[in-house]
Amino acid sequence: SIRSSIGEEFGMPHGSVVTEKLVAGIKKLGADKVFDTCVGADFTTIEEANEMIEKLKNKTTPCLSSCCPAWVRFVEFYYPEFIPYLATTRSPQIILGGLIKTYWAKKAAINPKNIVVVSVMPCMSKKYEIQRKELEIGGLKPVDYVLTTRELAVFFKKYKVNLKKIRPRKLDSPLGTYS
């Protein structure tokens, strides 16, 4: 969702989709690769659908989405009796981070310990999510840091990256192609 909201910070019309400008800006800040969380969302959708099918077969519905860490924490704190109904599928951010540190790391012949994954998310609760120990893969956090949309805009301005004027760049493959 940041692709259609951050442009306003740089004088672009409300709702402008600036995906490739974001890629260029993030790379100008020093990132080697830029992937898209929508790839993680594709996997999340498939896995949550499979989980729902199993719940329907076993008559253990409902299946409540677990993509939002604020929602998950709300259920855990106020309605723990509903925890069994939460989907066990990881959020798109966590799935993509895991793919980067497993699949992509192997493909690129990089030790996952040498990869730093930074997500840019619209919600601060994603900062809390990456601290959950049960989401680690082989002792590594799938996502190391989270910036909010506003924090990224502040970095762009501080380092004089103007999204309105920057030349667009494509997302990196293979984790930049989503449905």
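Let me start with helix 3, residues 69–78, whose buried residues are P69, V72 and V75. Helices here are DSSP runs of H or I with at least four residues, strands are runs of E with at least two, and both are numbered from the N terminus. Buried means under 20% relative accessible area, exposed means over 50%, and partly exposed is in between, with a 1.4 Å probe and protein chains only. Seen down the axis of helix 3, the buried residues fall within an arc of 125°, so they line one face of the helix. That arc is the one spanned by the directions from the helix axis to the C-beta atoms. These buried residues pack against helix 5, residues 125–129; contact means heavy atoms within 4.5 Å. On the face of helix 3 turned away from the buried side are the exposed residues F77 and Y78.

A word on the source. This is a predicted model, in which local features need pLDDT of at least 70 and side-chain atom pairs count only at pLDDT 80 or more, while totals for chains, interfaces and linings use all residues. Residues are numbered from 1 along each chain as its sequence is written, and side-chain values use heavy atoms, with hydrogens and water left out.

Now the overall fold. The protein has six helices and two strands, and along the sequence they follow the pattern α-α-α-α-β-α-β-α. The radius of gyration is 18 Å, close to the 16 Å that the globule rule gives for 179 residues, so the protein is as compact as a globular protein of that length. That radius is taken over C-alpha atoms, and the rule is 2.2 Å times the number of residues to the power 0.38. The C-alpha atoms fill a box of roughly 55 × 40 × 30 Å, taken along the principal axes. Of the 179 residues, 41% are buried. Among contacts between residues at least 6 apart in sequence, 72% join residues at least 24 apart.

Next, the aromatics. How many aromatic pairs does the structure hold? There are nine. Rings of Phe, Tyr and Trp (its six-membered ring) pair if their centres lie within 6.5 Å; planes under 30 degrees apart count as stacked, over 60 as edge-to-face and the rest as tilted. F35 and W104 form an edge-to-face pair, 5.4 Å centre to centre with 70° between the planes. F35 lies in the loop between helix 1 and helix 2, and W104 in helix 4, residues 92–107, so the pair ties together parts that are 69 residues apart in sequence. W104 is buried, with a relative accessible area of 11%. Another pair, F74 and Y79, is tilted, at 5.6 Å centre to centre and 50° between the planes. F74 counts as partly exposed at 37% relative accessibility, and Y79 counts as partly exposed at 37%. One aromatic cluster is formed by W71, F74, F77, Y78, Y79, F82 and Y85.

Back to F35. Is F35 buried or exposed? F35 is buried, with a relative accessible area of 14%. Not counting residues up to four places away in sequence, F35 touches L96, I100, W104, L171, D172, S173, L175 and G176. From F35 to F82 is 47 residues in sequence and 34 Å in space, C-alpha to C-alpha.
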